[in-house]
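Here is a short tour of one protein chain. Have the sequence and the 3D view open, and follow along section by section.

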Amino acid sequence: LPEYCFWYCNQLTKVVLPKKLQSIGNQCFHGCSSLKTIEFGDQLKIIGDESFRECSSLSTVKFGNQLKTIGRAAFSYCNLQDTVVLPDSLEEIGEACFEYNVNLKKIVLSQKLVNLSNYCFYECSSLSTIEFGDQLRTIGNYSFSYCNLQDTIVLPDSLQEIGYEGF
């Protein structure tokens, strides 16, 4: 889908994407404030920068198993609920990708993810549980700042660096 394709389509509540769709352009659904759920097909490889930013009703996403890249701020300022499971195919998450999802409680990171970008889950104030992948080496600056992490965090043996105020 091209950039800005459904930009600020405020009445849009549901989108059924083609199963063979491989990429979603930058800001494609940016500001679709009534969009509630979206399910991505298994052929999708790239979600562009700010693709779903400010989709303030978006509470549920289900990612396909070939997703490689989620762009910068792609799901920032959404309303993702409970648990988000990132597929093991995912190799790159852009900066501030899930920031300000205040109802997100648990994140399961990809096994292939090596670097977690700056501000990735910044101000996800209900986030209390994180499952890290076995390949994670770097947690960027402010990645989990202002989250509500509980009890115990098990960091992977592969971890080499935690950025400034990573937690």
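A residue counts as partly exposed when its relative accessible area falls between the buried range, under 20%, and the exposed range, over 50%. Tyr8, with a relative accessible area of 37%, is therefore partly exposed. Please keep in mind that this is a predicted model.

Tyr8 sits in the segment before β1 (14-16). Its backbone deserves a look too: phi of Tyr8 is near 55°, a positive value in a residue other than glycine.

Glu54 also has a positive phi, about 65°, although it is not a glycine. You will find Glu54 in the loop between β4 (46-47) and β5 (60-62). At a relative accessible area of 30%, Glu54 is partly exposed.

## A buried serine in a loop

Next, turn to the loop between β7 (82-85) and β8 (92-93), where Ser89 is found. Is Ser89 buried or exposed? Its relative accessibility is 8%, so Ser89 counts as buried.

What do the polar atoms of its side chain meet? A polar atom of the Ser89 side chain lies 3.1 Å from the backbone oxygen of Asn65. The backbone oxygen of Leu67 lies 2.7 Å from a polar atom of the Ser89 side chain. Leaving out residues up to four places away in sequence, Ser89 touches the run Gly64, Asn65, Gln66, Leu67 and Lys68, along with Ser110 and Lys112.

## The nonpolar core

In soluble globular proteins, nonpolar side chains tend to be buried together. Here, the largest nonpolar core holds 45 residues. Which of them touch the most other members? They are Phe40, Phe52, Phe63, Ile70, Phe75, Phe98 and Phe121.

Setting aside neighbours within four places in sequence, Phe75 is in contact with Phe40, Phe52, Phe63, Ile70 and Phe98, among others. Its contacts also include Ile47, Leu58, Val61, Leu80 and Cys97, as well as Glu99 and Asn101.

Ile153, Leu155, Ile162 and Phe167 make a nonpolar surface patch of about 300 Å².

With a relative accessible area of 39%, Ile162 is partly exposed.

Conventions. Residues numbered from 1 in each chain as written. Predicted model: local features only at pLDDT ≥ 70, side-chain atom pairs only at ≥ 80, totals over all residues. Heavy atoms only, no water. Helix = DSSP H or I, 4+ residues; strand = E, 2+ residues; numbered from the N terminus. Buried < 20%, exposed > 50% of the residue type's maximum accessible area, 1.4 Å probe, protein only. Polar contact = N/O pair within 3.5 Å; in protein donor to acceptor, adjacent residues only side chain to side chain. Contact = heavy atoms within 4.5 Å. Patch = residues over 30% accessible without salt bridge, like charges linked within 9 Å, V, L, I, M, F, W, Y side chains within 5 Å. Areas by Shrake-Rupley, 256 points an atom, 1.4 Å probe, with all protein chains shown as cover. Salt bridge = Lys/Arg side-chain N within 4 Å of Asp/Glu carboxyl O. Core = buried A, V, L, I, M, F, W, Y, C linked by side-chain atoms within 4.5 Å.
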